[in-house]
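Welcome! Here is a friendly walk through one protein model, one part at a time. Please have a look at the structure before reading on.

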Amino acid sequence: MNKKGNPNALKEFNSSKKEQTEKAVLEAIEYVRKTEKKFTLQAVCEKAGVSRMYFSKHPELMEVV
């Protein structure tokens, strides 16, 4: 058995996870804009299931907010 695993499968998984998280954040932004009286980053984070640190690491999404 290969003890190092499959690096290609890991890269695919990470890429897929990144895309899913980004999609969840964009959907959360739209949801909060439409439903909440006050738009806050915390509300977006809670809805998307990410931390505020996520936006520090992804400034392109912070621009959308």
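## Starting at P59

Let us begin with P59, which sits in helix α4, a helix made of residues 59–64. Keep in mind that you are looking at a predicted model. Is P59 buried, exposed or partly exposed? The relative accessibility of P59 is 46%. Buried would require a value under 20%, and exposed a value over 50%, so P59 counts as partly exposed.

## A28, a buried residue of α1

Next comes A28, which has its place in helix α1. The relative accessible area of A28 is 2%; since buried means under 20%, A28 is buried.

Which residues does A28 touch, once its neighbours within four places in sequence are left aside? They are V44, K47 and A48. For K47, the C-alpha to C-alpha distance from A28 is 5.6 Å, although 19 residues separate the two in sequence.

## How α1 and α2 meet

The helices α1 and α2 pack with their axes 8 Å apart and at an angle of about 130°.

Sorted by class, the contact has nine nonpolar residues, one charged residue and no polar ones.

## The buried side of α2

Within α2, the residues L41, A43, V44, C45 and A48 are buried. What do they pack against? The buried residues of α2 pack against α1, α3 and α4. Just after α2 you will find G49, where phi is positive at about 75°.

## The largest nonpolar core

In soluble globular proteins, nonpolar side chains tend to be buried together. In this model, the largest nonpolar core has 13 residues, and V25, V44, V50 and F55 touch the most other members. Two or more core residues come from each of α1 (7–35), α2 (41–48) and α3 (52–57). Which element gives the largest share? That is α2, with five residues.

Not counting residues up to four places away in sequence, F55 touches V25, L41, V44, C45, V50, L61, M62 and V65.

Conventions:
Residues numbered from 1 in each chain as written. Predicted model: local features only at pLDDT ≥ 70, side-chain atom pairs only at ≥ 80, totals over all residues. Heavy atoms only, no water. Core = buried A, V, L, I, M, F, W, Y, C linked by side-chain atoms within 4.5 Å. Buried < 20%, exposed > 50% of the residue type's maximum accessible area, 1.4 Å probe, protein only. Helix = DSSP H or I, 4+ residues; strand = E, 2+ residues; numbered from the N terminus. Contact = heavy atoms within 4.5 Å. Axes fitted to C-alpha atoms, helices over the stretch in contact; angles between N-to-C directions. Nonpolar A, V, L, I, M, F, W, Y, C, P; charged D, E, K, R; others polar.
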